[in-house]
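Good morning. Please look at the structure on the screen while I go through a few parts of it.

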Amino acid sequence: MEHVLVFAPSVADVWSGSMRFTYAEAMTDPSYYAPLAKAAEAAGYTSFSVADSLIYPKESDTTYPYTDDGNREFLEDKEFIEIFTLIAALGAVTERIRFTPFVLKLPVRPPALVAKQAMSIAALNGGRLGLGVGLSPWPEDFATMGVPWARRGKRMDEAMDILRGLFTGEYFEYHGEFYDMPAIKMCPAPPEPIPLLVGGHSDAALRRSVVRGDGWMHAGGDPEELDAMLAKLTAIREQEGKAGEPFEVHVISLDAYTPDGVKRLEDKGVTDAIVGFRWPYIKGSDTEPLQTKIDNLERFAEDVIAKAGS
């Protein structure tokens with residue numbers, strides 16, 4: 001991995017707005033998503049995160065990178081709705097809240113199809129989409145979709161370039177290692193550019209979020225590790241001459257649950273706090289009632305969102 005110096009000015013220098021809040025709920029009863037999206041919108045959340053999962057292999061040696069023990073069994077029998085289908089349904093029952101895939105497994109999908117899906121969503125819901133994208137940790141996803149696992153990072157880069165080009169609505173052609181496209185255009189173009197938010201904790205993901213993306217999405221973990229990643233982001237942005245450009249930083253942190261903690265995150269350059277109110281990595285079904293979820297998100301809005309920035 002490339003080593004990155006961490007002495008550049010803070011990304012806080014280019015973020016002057018108040019913290020935005022994303023409500024995260026996944027692996028629950030699919031019938032809960034619409035009332036939760038409406039409740040989150042009414043309570044003042046900016047965004048609603050949507051999880052992506054394609055398949056669950058019967059056998060796999062792969063570990064999950066974002067749990068302490070790497071166990072993946074919590075995913076078995078979870079009811080994941082296809083991500084763009086779910087966003088379209090939720091957009092139809094809301095008016096203001098934005099939807100942020102957390103994250104779409106981009107390189108296992110044809111990028112031109114992803115562009116068409118994202119542009120269609122943005123056209124229907126007034127541009128309320130921040131497209132979180134990342135690498136799938138599962139080789140089985142690639143095998144199932146008929147995509148090679150090797151050089152997946154380079155494939156991801158090319159896919160992001162294609163999305164960026166097609167999102168303009170103008171003629172765009174591409175000639176790369178993995179994709180070759182003549183000049184084409186897609187219509188309708190989004191009402192405004194769709195942000196590409198890159199998920200992942202590796203140095204490559206951090207750099208990709210700056211060089212090809214419009215923001216970064218954090219998946220949780222140790223606070224000291226988060227601080228180190230934020231410092232790397234700052235340094236990369238400075239090195240790439242992008243320190244003064246808008247850049248979204250979406251973070252999972254215990255600091256997000258108090259007004260004082262929110263201020264600390266703002267001082268570090270965090271723009272969006274991702275919050276949830278239960279531990280999702282459990283085997284079996286989510287037994288928490290819908291009303292409890294709504295009560296929790298509303299209580300947080302009263303205790304933190306209403307006070308943040310005041």
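Predicted model: local features only at pLDDT ≥ 70, side-chain atom pairs only at ≥ 80, totals over all residues.

Residues are numbered from 1 along each chain as its sequence is written, and side-chain values use heavy atoms, with hydrogens and water left out.

Helices (H or I, at least four residues) and strands (E, at least two) are DSSP runs, numbered from the N terminus. Two strands pair if DSSP finds at least two bridges between them.

Back to β10, residues 248-251. Strand β9, residues 215-217, runs parallel to β10 and is joined to it by 3 bridges. Besides the pair I began with, M217 has H250 as its bridge partner in β10. Strand β11, residues 272-275, also runs parallel to β10, joined by 2 bridges, and there V251 stands opposite A273.

Where do the side chains of β10 point? E248 and H250 point one way, V249 and V251 the other, and all are buried, where buried means under 20% relative accessible area, exposed over 50% and partly exposed in between, with a 1.4 Å probe and protein chains only. In a regular strand, side chains alternate between the two faces of the sheet.

β9, helix α7 (residues 223-239) and β10 form a right-handed β-α-β unit. From β10 the chain crosses through helix α8, residues 259-267, to β11, again as a right-handed β-α-β crossover. Right-handed here says that, with the strands pointing away from the viewer, the path from the first strand over the helix to the second runs clockwise.

Zooming out, the open sheet has 9 strands in the order β3-β2-β1-β11-β10-β9-β8-β5-β4, with parallel pairing.

Next, helix packing. Helix α6, residues 203-211, packs on α7 at an angle of about 45°, with the axes 9 Å apart; axes are lines fitted to C-alpha atoms, for helices over the stretch in contact, and angles run from 0 to 180 degrees between N-to-C directions. α6 and α7 are therefore oblique to each other, since angles under 35 degrees count as roughly parallel, over 145 as roughly antiparallel, 65 to 115 as roughly perpendicular and the rest as oblique. Among the residues that meet are L206 and V210 in α6, and L233 and I236 in α7; contact means heavy atoms within 4.5 Å.

S47 sits in strand β2 and counts as buried, at 0% relative accessibility. Leaving aside neighbours within four places in sequence, S47 contacts F21, T22, Y23, I97, R98 and T100.

Last, the backbone. Which peptide bonds are cis? One runs from F102 to V103, with omega near -10°, and another from C187 to P188, with omega near 10°. M27 and D77 have positive phi without being glycines, at about 55° for M27 and about 65° for D77. M27 is buried at 7% relative accessible area, whereas D77 is exposed at 72%.
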